[in-house]
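Work through the exercises below with the structure in view. Try each task before reading its solution.

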Amino acid sequence: MKNNTRISKKTNIHAPIVEALKTAYNNPTYQFHIPGHTKGLGTLTDFRNLVGKKALQVDTTDEFDNLGTLTPATGPIKEAQELAAEAFGAKRTFFLLNGSTIGNLTIAMGLTKKGQKVIVNRNCHRSVLTGLIISGADPLWVLPEKFSQWGLWGNVKAQDIEKLLDKNDDVSMVWITNPTYEGVVSDIKAIADICRKYDVPLIVDEAHGCLWNFNSKLPETSLKLGADIVVHSLHKTGGSMSQSSMLHISKDSKINADDVERALMLLHTTSPSLMLLGSLDAARANLQSEKGQRQLNRAISNAKYLRSEIDKMEHIHQLKSDFGYKTDVTKIFIKADGLSGKRLESILEIDFGIEVESASDEGILILSNIGNKRSDFKYLAQCLHKIDTHDYKDIYYMENKRHMPMLTPIIKKSLRNAYFSEKEIIPKEQAIGRLSGEVVAECPPGISILLPGELITEEHLPYLTDYETIEVLK
Ligand SMILES: Cc1ncc(COP(=O)(O)O)c(C=O)c1O
């Protein structure tokens with residue numbers, strides 16, 4: 001039988017933070033320290049009843065109850081990070097609070113300096129840009145393929161990175177998002193080979209790919225393909241609680257882990273939530289367990305089931321792997337003839353009580369998660385079949401806003417200089433021809449429409465329907 005798993009299934013799963021929290025819960029002390037709700041008594045009763053007494057009893061921060069510290073990592077937290085490094089195939093792993101956002105800020109602050117050039121894909125998350133504003137490094141944009149008929153950014157081409165490296169001998173690093181939000185995968189192996197040839201580190205924002213190391217039917221993880229640092233939003237698809245992520249340094253990387261740790265220490269909260277850290281430990285342990293492996297196999301099989309149902313539909317289409325790029329099977333981007341993505345999203349929500357991950361101009365994104373049941377997907381497929389055979393033209397719906405920025409930027413001033421320049425706020429209609437003073441990037445997907453120092457043109461207006469004013473440079 002073919003072994004589908006990339007990691008061996010573990011039956012004796014050890015989760016040190018979870019175990020330490022359990023011990024603390026079972027051995028309560030008289031508490032005269034933060035958090036001041038003191039095991040949930042000092043808060044609204046309705047809230048306590050909603051989240052449960054136990055949740056508040058284990059809501060504590062590091063240093064207490066023998067739980068260890070996050071910075072520097074000690075005790076169960078240190079052990080949990082080491083187990084995560086082993087599970088993801090990294091030399092060092094850091095647990096992150098405040099999501100992959102803080103991972104990206106840390107990378108920029110720890111590894112780049114003012115005036116250095118960094119090759120970045122234009123559809124990167126806004127946290128990458130915030131990082132570059134903080135450090136003062138200048139982005140050299142690489143534009144991925146445009147999948148125009150899907151209204152999406154596609155894969156980053158290795159030859160485009162090589163061209164930029166060839167023209168600029170002062171690039172300090174290459175920073176790529178992989179996969180895209182919608183699951184399009186770039187050829188990281190080829191990009192890593194080029195980075196090695198030019199001796200620059202490769203950073204991969206793999207926020208949406210944290211499951212890959214746990215099942216061979218998913219794309220190969222960038223850590224294995226030659227990236228130096230990889231960031232994973234475990235809370236997005238890995239099963240940990242919102243805001244909890246991981247940053248991994250690869251086994252072969254020349255990057256000094258201490259530089260990364262020092263920057264992280266400056267950015268991290270000094271009161272880390274043990275509940276969030278415990279949820280990272282639990283997510284890693286779950287993914288390595290028999291149960292987690294079953295859940296992941298089920299997520300893949302649910303996705304394949306939905307995809308096979310969509311293939312039977314006449315007016316609903318799905319993004320699939322194609323020549324030149326691969327996709328993550330668990331991220332299903334679909335579009336329906338005659339319906340915008342936003343309209344399809346609202347039909348699913350209003351008529352069928354279904355909430356999808358996101359909607360863009362052309363289509364919607366559905367995630368097949370480890371927590372979903374097959375019955376969820378049967379219901380979704382049934383509803384899509386109904387939409388496929390129903391004429392929705394009679395529904396009143398007006399949507400003049402565009403959602404997926406795919407414009408080529410006109411850069412007039414460097415990011416950091418523009419961000420720290422004198423600015424004023426003016427009505428958006430008067431902003432055409434002026435330089436943006438702010439990062440305009442709505443979430444999801446958090447991809448920038450305008451950055452400080454970029455020329456505002458007529459083309460931007462359809463993306464700014466929610467804005468009455470915009471900040472521009474004086
Ligand atoms: C590609 C990418 N990187 C980073 C982030 C930030 O992640 P987090 O929400 O975990 O801070 C996101 C969030 O959507 C993202 O899509």
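**Exercise 1.** In this predicted model, state which strands helix 7 lies across, and at what angle helix 7 runs to strand 3.

*Solution.* Step one: find helix 7, residues 158-167.

**Exercise 2.** Give the strand order of the open sheet of seven strands, and name the strands at its edges.

*Solution.* Step one: read the order across the sheet, which is 1-10-9-8-6-2-3, with mixed pairing. Step two: look at the two ends. Strand 1 (90-96) and strand 3 each have a single partner strand, so one side of each has no neighbour in the sheet. Strand 8 (residues 202-205) and strand 9 (residues 229-232) run parallel and are joined by three bridges. Within this pair, Asp205 has Val231 in strand 9 as its bridge partner.

**Exercise 3.** Describe the open sheet of four strands in the same way.

*Solution.* Step one: the order is 11-13-15-14, and the pairing is antiparallel. Step two: strand 11 (316-318) and strand 14 (358-359) are the edge strands, each pairing on one side only. Step three: strand 14 runs antiparallel to strand 15 (residues 364-367), and two bridges join them. The bridge partner of Ala359 is Ile364 in strand 15.

**Exercise 4.** Describe how helix 5 and helix 6 pack.

*Solution.* Step one: recall what is needed. A pair of packed helices is described by the angle between the axes and the distance between them. Step two: the axes of helix 5 and helix 6 (residues 126-135) come within 8 Å and cross at roughly 30°. Step three: the crossing is right-handed. Step four: list contacts. Helix 5 contributes residues including Ser100, Asn104 and Met109, while helix 6 contributes residues including Ser127, Gly131 and Ser135. Step five: sort the contact by class, which gives seven nonpolar, seven polar and no charged residues.

**Exercise 5.** Which helix gives the most to the shell around the ligand?

*Solution.* Step one: the ligand has 13 residues around it, and Gly99, Ser100, Thr101, His125 and Ala207 come nearest. Step two: helix 5 (residues 99-111) gives the most to this shell, with four residues. Step three: by class, the shell has two nonpolar, ten polar and one charged.

**Exercise 6.** Name the domains of the chain, and describe the contact between domain 1 and domain 3.

*Solution.* Step one: the domains are domain 1 (16-29 + 65-288), domain 2 (300-394) and domain 3 (415-473). Step two: the centres of domain 1 and domain 3, taken over C-alpha atoms, are separated by 28 Å. Step three: ten residues from domain 1 and eleven residues from domain 3 make the contact. Step four: on the domain 1 side, helix 6 gives the most, with four residues. That side divides into five nonpolar, three polar and two charged residues.

**Exercise 7.** Where in the chain do Pro72 and Pro179 lie?

*Solution.* Step one: Pro72 is in the loop between helix 3 (53-57) and helix 4 (75-88). The peptide bond from Thr71 to Pro72 is cis, with omega near -5°. Step two: Pro179 is in the loop between strand 6 and strand 7 (184-185). The peptide bond from Asn178 to Pro179 is cis, with omega near 0°.

Definitions and conventions:
Residues are numbered from 1 along each chain as its sequence is written. This is a predicted model: local features need pLDDT of at least 70, side-chain atom pairs count only at pLDDT 80 or more; totals for chains, interfaces and linings use all residues. A residue is near a molecule or strand if its C-beta atom, placed from the backbone, lies within 6 Å of it. Ala, Val, Leu, Ile, Met, Phe, Trp, Tyr, Cys and Pro count as nonpolar, Asp, Glu, Lys and Arg as charged, and the others, Gly among them, as polar. Axes are lines fitted to C-alpha atoms, for helices over the stretch in contact, and angles run from 0 to 180 degrees between N-to-C directions. A crossing is left-handed if the near helix is turned anticlockwise from the far one by less than a right angle, and right-handed if clockwise. Two residues are in contact if their C-beta atoms, placed from the backbone, lie within 7 Å. Domain bounds come from an automatic or database domain assignment. Two strands pair if DSSP finds at least two bridges between them.
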